Amino acid sequence: MARQGATLMCYWNGRITSGPHGISYEGATPKPIRVSFGITHSELLDKVYGVTGFDKQRCNLKIICRYPASREYIPVPIDDDDSMDIMFDVVRQPTTNCMELYLEREPVCSDNQSNVRALTPIDQQIPREMTTQDMQVDSFLDPGPTDNTVLVLQNQHRSEAIWAGEDPGVLTCRQRLATMMREWQLDHRIRRFVIQSGFYGIYRIGFIQIDWPLITALVERWRQETHTFHFVVGESTVTLQDVAVLLGLQVHGHAVSGNSDLQWDDLCEELLGLRPDRNVLHGSALKLSWLRANFQRPPQDADESTLQCYARAYILGLMGGVLFTDKSGADVQLIFLPLLRDFSHVKQFSWGSAALAHLYRELCRASKMGASEIAGPLILLQLWAWERMCIGRPEKFGARMQDPIVPDDEDTSNIAPVVDGTTIDGEQQPVDPLGCKWRFPVIRRDNPQRALIFYRDQLDQQTDEQMTWQPYTSERIASLPDICIRDQHVWQTIAPLVCFDIVEWHQPDRVLRQFGLHQAIPVHCDTEVKLHAIDRRGRHHYDWQAYHGRYIQLWEAREENIATGEPEGHTMHYHDPYMEWYRSITRRLITPLTQRPHMRIQPSSGMTHLLVQSLTTIHSQCTTTLGALTSQSATRALTDIQIMCTRVLEMIGETRHLEAKPSPAKLIHEEGEPLQAPLPSLDKAPSFRGRGRGKQRGKGRRMQSLRSASSPRSSPPLVVLLPTDPQRGNDLEEPAYPDKEEIATPAESVPNQPVAEPMHILEDEKEVEVAATPPTEPMDMLESIKEMETTQTLLQETSKGGLSELAELELPYEDRPKKKKKLRNL
């Protein structure tokens, strides 16, 4: 039966490379889509946009087909229906199962029309000569860094794709300890070899479920330029101290390195006592399932040499399942097996620094665009996060009694804590490392679904109280085994961490607060990112000890380069020189401000950030303006504040709070020139009669707007065009602004008058009622001062011997001469 459709493998977020067989695509995982042969080019584009999640408004997709030519693959653009027919001619061949499509993004070309933003009612109110260039609020959209001298790889970072609306989602975390701990129990006869080699703490921690969203949220803040996590409160990272205290691994010793040019099947027969088949051994990668199947339980009459073989196999299982996991999903690397030859020398190697180097390398790879999975000692990263941060930390169930350790058929799902003095078969057992405390059952009340968007949002608005810089107190350290605390003198070393082909720099000088020291602005560091291009692919016969000889020498001299600082006596201030510098070089936000997912959890960090920054700027600008108050500066400051607030409300989707577009009007300029000015919204309001005003009850309605203008709860003053008498001229001058000390308080100027009423004015000799806005909450201090100044001046003019223009306008036109005497007595 003829096929009716084809499979297209889509690649993006990578790059096209050329090789001996033509073009190929690197740095991305394919996404298959199924299409029919009758699909058009526009329909294919819609399908591709849906798969990739790209926004049509922001970018155009260019589709390139990997077309087979005579001797190699060539790029063929797919830009119309004819080119799609050419592509499908190949797919219809019986020998072709699918076709590869490479997707390249191109920014949408913006013309003059697309750059014009629709004016909001508030924008139309602002005079052109009173607007500034770009308000400071526009800089709030930039999540950082403003100084690009440190994070030079930001354009390749995972956070850049997230901010552009291309969220790659949760990383796949590779760890295979659950199967091992369930199917491979530790025999009591090989326990002493595991203890002697220094890996007993890893076994005691056992299986802890990895929180994939939490690991992903941490990866989004990892920076390969500094080997630290860039949190809101400062830099932090996993150090040698964390490895020793949490896992109980040796951190002071020889570098874990050696020669990889070995016959691996012969090595297995020598040190494991069994030669693996070719189907389970690929290069230096050995199937973990083969180890579990052949080394479950030693024979009853096993001698010392046989027990050591079984112990090596079990330690390899711990390495492949916890410490040095890879993305294969089922293998362990035999490069570590030669280092387990002599159990009396196994502890001479720095297994802790090797595991930390592996974690650093995996974090650096996973933080790049296009990464979809992460391996390495993720249990170390999760324990570190639980110890130092409240975000993502689960709660323990109530303490419960557990069975003691038994020598035979030990059940790893019910491990009791080992305290000093516990013995098995007459041998004293080492005390558990600190990470074992998380073996208890836990409960998650915060974020029970463990959603990535929740962790990301919480880290975006992290506070100092949510970060524990020194979780390892002296009391906790005193209760730990010797292997956890004996190497404290190298915890703060600045040195390269080595694990065969992996070399990563340890930079504790950037996280001195984790050691109780004051963090100053660190010196520039070079983590030598070029080392990430070196791995064992194509280098299976390298002697890595010689290849990385320079870095191994630096590691051997680790005690000579220790990071130091002054003791930290208090919490670092927000405006500390380090924090001021750090906020300029870091990536502040990960969650896009416009993200509105259809989930129960809605991110709020972006809106919080905008509002805090806006209010801070408003407060600073008002403080500066009030120091030297003039008419011109006050007007300009208030205009800037208005534009700022408008744009912030637009960005967070709260424009419904803006007032409607008012009717246009003119102001009387002090030189007599008309000037357009912003007006508040004039919604029609009902008339209110004064209450408790006795004989003045009827008369007060017409003067209420004048009196209520000085009330602290009144609305902004109405700006109207006053009619001029051609015979008298325009004798209404702009009121002078007195000093702040001369301004009367609202209580002194006018009695309690909380209700604003319509004001009657004359326009073209006709009486028109203009409604005042109802009372609102107290306004900005600067606006209140200007209102009181204007009101005080008008009241002074009204109380003089003659009537002012405004007083006359408050009376019916035909009654002005008759009411003049009564109003003079007010």
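1. Does D82 count as buried or exposed? D82 counts as exposed, at 55% relative accessibility. Exposed means over 50% relative accessible area, buried under 20%, partly exposed in between (1.4 Å probe, protein chains only).

2. This is a predicted model: local features need pLDDT of at least 70, side-chain atom pairs count only at pLDDT 80 or more, and totals for chains, interfaces and linings use all residues. Residues are numbered from 1 along each chain as its sequence is written, and side-chain values use heavy atoms, without hydrogens and water.

3. D82 is found in helix α2. Helices are DSSP runs (H or I, at least four residues), strands likewise (E, at least two), numbered from the N terminus.

4. Strand β21 (residues 502-506) is largely enclosed by the rest of the structure, because five of its five residues are buried. I502, E504 and H506 cover one side, V503 and W505 the other.

5. Strand β20 (residues 495-499) runs antiparallel to β21, joined by five bridges. Pairing needs at least two DSSP bridges between strands. V498 stands opposite V503. In the hairpin, with two residues between the strands, F500 takes a positive phi near 55°.

6. The term requires a side-chain nitrogen of Lys or Arg within 4 Å of a carboxyl oxygen of Asp or Glu. R361 sits in helix α15 (residues 351-366), 143 residues from E504. R361 is buried at 1% relative accessible area, and E504 is buried at 0%.

7. The salt-bridge count comes to 35. One of them joins R275 and D266, with closest N and O atoms 2.6 Å apart.
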